[in-house]
Amino acid sequence: LGLSIVKRLSELQDHQIGLSSTPNEGSKFSITIPAASCPERTSSTTTDVAETSAESQKVILTIENEVDISEAMTVLLSAWGYTVLTAEDSAQAFSIAEHSEHDIDLLISDYQLDDKENGLALCQRLQEMLTKKVPIIIVTGNTDSETIKQMEQSDITLLHKPVFPPQLRLAIENNLRRARV
């Protein structure tokens, strides 16, 4: 099944597939993809990130215990024009929520944090201390039906790993739009 998918995708994009096989040793598959050049950027080049003033820029608090994922999410969300605050556990999240000069507009948390900490419960506790109702997005690889049912009964958005950037952006925009209404 995997090879047929690769073959079809390669054909659609005019990429060449290579095969070398030696009996009793194995096979090697390759895809030849043409090199691409980056277009020159000028100061007048526009991006898909909306220009926002400091007053209208939305603030997202992310809670993620995996440093690499946290850093990648910060880069991505910042590129989209959001102000990003990051925490890796409940202590940091509460400290940020209490001492931040920014009003938090959205919470994004991994479901399973260190020390069996539950991201959903943490976000719900954070929501209680904030001055306004803040939407929550939970990211999880957990497929336990009870856990999923618990999250579906809450007023949150649930995203299953792996989360792709367009999926995350849509969830963020929908939650921020609903929060304004």
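Strand and helix names here follow DSSP runs, numbered from the N terminus, where a helix is H or I over at least four residues and a strand is E over at least two. Before going on, please keep in mind that this is a predicted model, in which local features need pLDDT of at least 70 and side-chain atom pairs count only at pLDDT 80 or more, while totals for chains, interfaces and linings use all residues. Residues are numbered from 1 along each chain as its sequence is written, and side-chain values use heavy atoms, with hydrogens and water left out.

Back to that pair, then. The two strands involved are β3, residues 59-63, and β4, and they pair in the parallel sense over five bridges; pairing here requires at least two bridges found by DSSP between the strands. How does the chain get from β3 to β4? It passes through helix α2, residues 67-79, in a right-handed β-α-β crossover. Right-handed means that, with the strands pointing away from the viewer, the path from the first strand over the helix to the second runs clockwise.

Now, is β4 enclosed or open? Strand β4, residues 83-87, has four buried residues out of its five, so the rest of the structure largely encloses it. For burial, the cut-offs are under 20% relative accessible area for buried, over 50% for exposed and partly exposed in between, using a 1.4 Å probe and protein chains only.

Let's step out to the sheet. This is an open sheet of five strands with parallel pairing, in the order β4-β3-β5-β6-β7. At its edges are β4 and β7, each pairing on one side only. On average, neighbouring strands are turned by 20 degrees against each other, direction ignored; the axes behind such angles are lines fitted to C-alpha atoms, for helices over the stretch in contact, and angles run from 0 to 180 degrees between N-to-C directions. Moving along the sheet, β3 pairs with β5 in the parallel sense over four bridges. Which residue of β5 is the bridge partner of Thr 62? That is Ile 108.

On to the helices. Two packed helices are described by the angle between their axes and the distance between the axes. For α3 and α4, the angle is about 20 degrees and the axes are 11 Å apart. That makes the two helices, α3 and α4, roughly parallel, a label for angles under 35 degrees, with over 145 counting as roughly antiparallel, 65 to 115 as roughly perpendicular and the rest as oblique.

Next come the charged pairs. Side chains of opposite charge can pair when their charged atoms come close. How many salt bridges does a search of the whole structure find? Three, counting a side-chain nitrogen of Lys or Arg within 4 Å of a carboxyl oxygen of Asp or Glu.

One joins Asp 105 and Lys 132, with the closest N and O atoms 2.6 Å apart. Asp 105 sits in the loop between α3 (90-99) and β5, and Lys 132 in the loop between α4 and β6 (136-140), so this pair ties together parts 27 residues apart in sequence. Asp 105 is buried at 12%, while Lys 132 is partly exposed at 36%.

Another salt bridge is Asp 110 with Lys 161, at 3.3 Å between the closest N and O atoms. This pair links distant parts of the chain, with Asp 110 in strand β5 and Lys 161 in the loop between β7 and α6, 51 residues apart. Here Asp 110 is buried at 6% relative accessibility, and Lys 161 is partly exposed at 40%.

Then there is Arg 169 with Glu 173, at 3.3 Å from N to O. Both lie in helix α6, four residues apart, about one turn of the helix. Arg 169 is buried at 17%, and Glu 173 is partly exposed at 30%.

Finally, some backbone details. Lys 161 comes up again: its peptide bond to Pro 162 is cis, with omega near -5 degrees. Pro 162 is in the loop between β7 (157-160) and α6 (165-180). Asn 24, in the loop between β1 (16-22) and β2 (26-32), has a positive phi near 65 degrees without being a glycine, and is exposed at 87%. Lys 116, in the loop between β5 (106-110) and α4 (119-129), has a positive phi of about 55 degrees although it is not a glycine, and is exposed at 77%.
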